[in-house]
Amino acid sequence: MNKIPLKEKYPLLPREERTGLLIVNTGNGKGKTTAALGVLLRAAGYDMKIAMFQFIKSSAALSNGEHIAAKELGINIIPLGDGFTWLSENIEEDKKLAEEGWKLVAPALQSDEYDVVILDELTYPLTFGWLDKNAVIQAIKNRPKGMHVIATGRNAPPELIEAADLATEMHLIKHPFREKGIGAQAGIEL
């Protein structure tokens, strides 16, 4: 049986013929960033240009598996934060980092350079009021034709969900740390 490779069966259309989607992965369950990384992997398979910005993760995350693998694929994941915000002792500094990060993200959203832009943990600076929610959503809406944008994080604001073409809420049913005290593991969470 002669099978046609998927890249031939479903070729990547020129950008002006693509429908760029806004995808939102939210909820209290695990898998929001992981789902975005799955799209990153698929897009890389089609030689699409990808940018990923992480609003909460710090440069210490550069040794995480996702960063190592992305580097091997020639994709730069840019951490913009200072770690887990809910543990922060300096919320004003976190707000400043989000604002500075947005100064990198906004031009990427307006650039023809990228086919996919992932805004990991974007919901936190929106929910906490560190970034102007309406300005961010407007910038996403005004992106170039054919660009896909993925936003992740808990408690996605209703306005972001409303603007989305696809919104998924991850529900936590069971977690190894809560159930058995099993911490984060390399290759799974890191």
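The structure is a predicted model, in which local features need pLDDT of at least 70 and side-chain atom pairs count only at pLDDT 80 or more, while totals for chains, interfaces and linings use all residues. Residues are numbered from 1 along each chain as its sequence is written, and side-chain values use heavy atoms, with hydrogens and water left out. By this classification Phe128, with a relative accessible area of 40%, is partly exposed; Phe128 is found in the loop between α5 and α6, and its C-alpha atom is separated by 8.7 Å from that of Lys95, a residue 33 positions away along the chain.

Helices (H or I, at least four residues) and strands (E, at least two) are DSSP runs, numbered from the N terminus. The C-alpha trace spans about 55 × 40 × 30 Å along its principal axes, and 43% of the 190 residues count as buried. With contact defined as heavy atoms within 4.5 Å, residues 24 or more positions apart account for 78% of the contacts that have a separation of 6 or more.

In α6 (residues 133–141), the buried residues are Val136, Ile137, Ala139 and Ile140. Because these residues fall within an arc of 160 degrees when α6 is seen down its axis, they line one face of the helix, whereas Asn134 and Lys141, on the other side, are exposed. The cover over the buried residues of α6 includes β1 (22–27), α4 (91–110), β4, α5, β5 and α7. In α3 (residues 65–72), Glu66, His67 and Ala70 are buried. They cover an arc of only 95 degrees around the axis, which puts them on the same side of α3; Lys71 and Glu72, on the other side, are exposed. Among the elements that cover the buried residues of α3 are α2 (32–45), β2 (50–54) and β3 (77–79).

Most residues other than glycine have a negative phi. Just after α3, Gly74 takes a positive phi of about 80 degrees. Glu121, in the loop between β4 (116–120) and α5 (123–127), has a positive phi near 65 degrees although it is a residue other than glycine, and counts as buried at 12% relative accessibility. Asn155, likewise a residue other than glycine, has a positive phi near 55 degrees; Asn155 lies in the loop between β5 (148–152) and α7 (158–163) and is exposed, with a relative accessible area of 53%.

Note on methods:
Buried means under 20% relative accessible area, exposed over 50%, partly exposed in between (1.4 Å probe, protein chains only). The arc is that of the directions from the helix axis to the C-beta atoms.
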